[in-house]
Amino acid sequence: MIPSGVQAILDEYTDIESLIKLVAHLSCQEEQAVRNELLQHLGSRAFFLLLAEISHAPNFFAIQNRIANSLMRSNDEVNSIVTEVSRTHVSMSSASLGRRSSLRDLTPEQKRRLLQSQQNRCGHCGWNFNSQEETRTKYQSQPTLDHKVPYRIGGDHDSNLWILCGLCNSMKKASIHIGESGSVWIDNAAYPAPRGLVAFWVLWRHRHCTATGCRKGPSDARLFVTRLNNAGPWVPGNCTVRCAEHHTGNVINY
Ligand SMILES: [Zn+2]
Ligand SMILES: [Zn+2]
């Protein structure tokens, strides 16, 4: 989904070359740089489509047939494409094998140690897992296991694991990047950011209470997101992080 105002502009740029000119102009880049970026983007998209082609195919010959049917290429070329894509597919699937994805995948001792190292709080927003507060649903307040850096890149080592509350974990999964204007990029589409997502990224940016002289973080305190200028909007540029002691009550319900 693209906001309708932007769609109206895009409707005037119906061919790829004029779109490249527009993007080059907006981003102050050379047209060639934009063209290369676009080709890389399309290339990785094509690669993932090829990966999807080979998923669940019973054997090499079935994969070869499927890819040969979707690409008009010589046998040799198809063979080398199938070989490379299959290798990537195997290494991606094996990377996810054995990955610890939930707290149940940890031994009780590992779980206890991890929770203790975080003072029994969410590693991001400082939610206390012993809290009796009823501002959250059971799902939002439960401890969940997460990989700090996505496991495909960061691996499954203990140092890459942390415990997040259900709310933070769901926010983390739903978002990739947030701009200062309050838009979030999800699957290549821009959406206006709901407040929860704004809170998540403001926490991500500061990680600590920003009150003068206070450095409380998620292991010492529950953190809240509040506005710098109360007349301004709830967007990341107008928000900051305060601990339970230093916020004035006007916070995002997070
Ligand atoms: Zn949290
Ligand atoms: Zn503070």
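Ile 20, Lys 21, Val 23, Ala 24 and Ser 27 of helix H2 are in contact with Glu 31, Val 34, Arg 35 and Leu 38 of helix H3; two residues are in contact if their C-beta atoms, placed from the backbone, lie within 7 Å. By class, this contact of H2 with H3 has five nonpolar, one polar and three charged residues. Ala, Val, Leu, Ile, Met, Phe, Trp, Tyr, Cys and Pro count as nonpolar, Asp, Glu, Lys and Arg as charged, and the others, Gly among them, as polar.

The structure is a predicted model, in which local features need pLDDT of at least 70 and side-chain atom pairs count only at pLDDT 80 or more, while totals for chains, interfaces and linings use all residues. Residues are numbered from 1 along each chain as its sequence is written, and chains are lettered from A and ligands numbered from 1 in the order in which they are written.

The score pLDDT is the predictor's confidence in each residue, from 0 to 100. The protein chain has an average pLDDT of 85, and 91% of the residues score at least 70. Over residues 178–183 the pLDDT stays under 50, and for this stretch the model has 17 contacts beyond four places in sequence.

**Helix packing**

Two packed helices are described by the angle between their axes and the distance between the axes. Helices (H or I, at least four residues) and strands (E, at least two) are DSSP runs, numbered from the N terminus. Axes are lines fitted to C-alpha atoms, for helices over the stretch in contact, and angles run from 0 to 180 degrees between N-to-C directions.

H2 covers residues 16–27 and H3 covers residues 31–54; they pack at an angle of about 115°, with their axes 9 Å apart. H2 and H3 are therefore roughly perpendicular to each other. Angles under 35 degrees count as roughly parallel, over 145 as roughly antiparallel, 65 to 115 as roughly perpendicular and the rest as oblique. The crossing of H2 and H3 is right-handed. A crossing is left-handed if the near helix is turned anticlockwise from the far one by less than a right angle, and right-handed if clockwise.

H3 also packs with helix H4 (residues 60–70), at an angle of about 140° and with the axes 9 Å apart. That makes H3 oblique to H4. The crossing of H3 and H4 is right-handed. Leu 50, Glu 53 and Ile 54 in H3 meet Ile 63, Arg 66, Ile 67 and Ser 70 in H4. The residues of this contact divide into four nonpolar, one polar and two charged.

**Single residues**

A residue is buried if 20 or more other C-beta atoms lie within 10 Å of its own, exposed if 12 or fewer, and partly exposed in between. The table applies this count.

| Residue | C-beta atoms within 10 Å | Class |
|---|---|---|
| Cys 28 | 6 other C-beta atoms | exposed |
| Thr 135 | 10 C-beta neighbours | exposed |
| Ala 244 | 15 C-beta neighbours | partly exposed |
| Asn 120 | 16 other C-beta atoms | partly exposed |

Cys 28 is placed in the loop between H2 and H3. Although Cys 28 is not a glycine, it has a positive phi of about 55°. Asn 120 is in the loop between H6 and H7, and its phi is near 60°, a positive value in a residue other than glycine.

Thr 135 lies in the loop between helix H6 (108–117) and helix H7 (138–141). Thr 135 and Asn 253 are 118 residues apart in sequence and 8.2 Å apart in space, C-alpha to C-alpha.

Ala 244 is in the segment after strand S7 (239–243). Leaving aside neighbours within four places in sequence, Ala 244 is in contact with Ala 221, Arg 222 and Phe 224.
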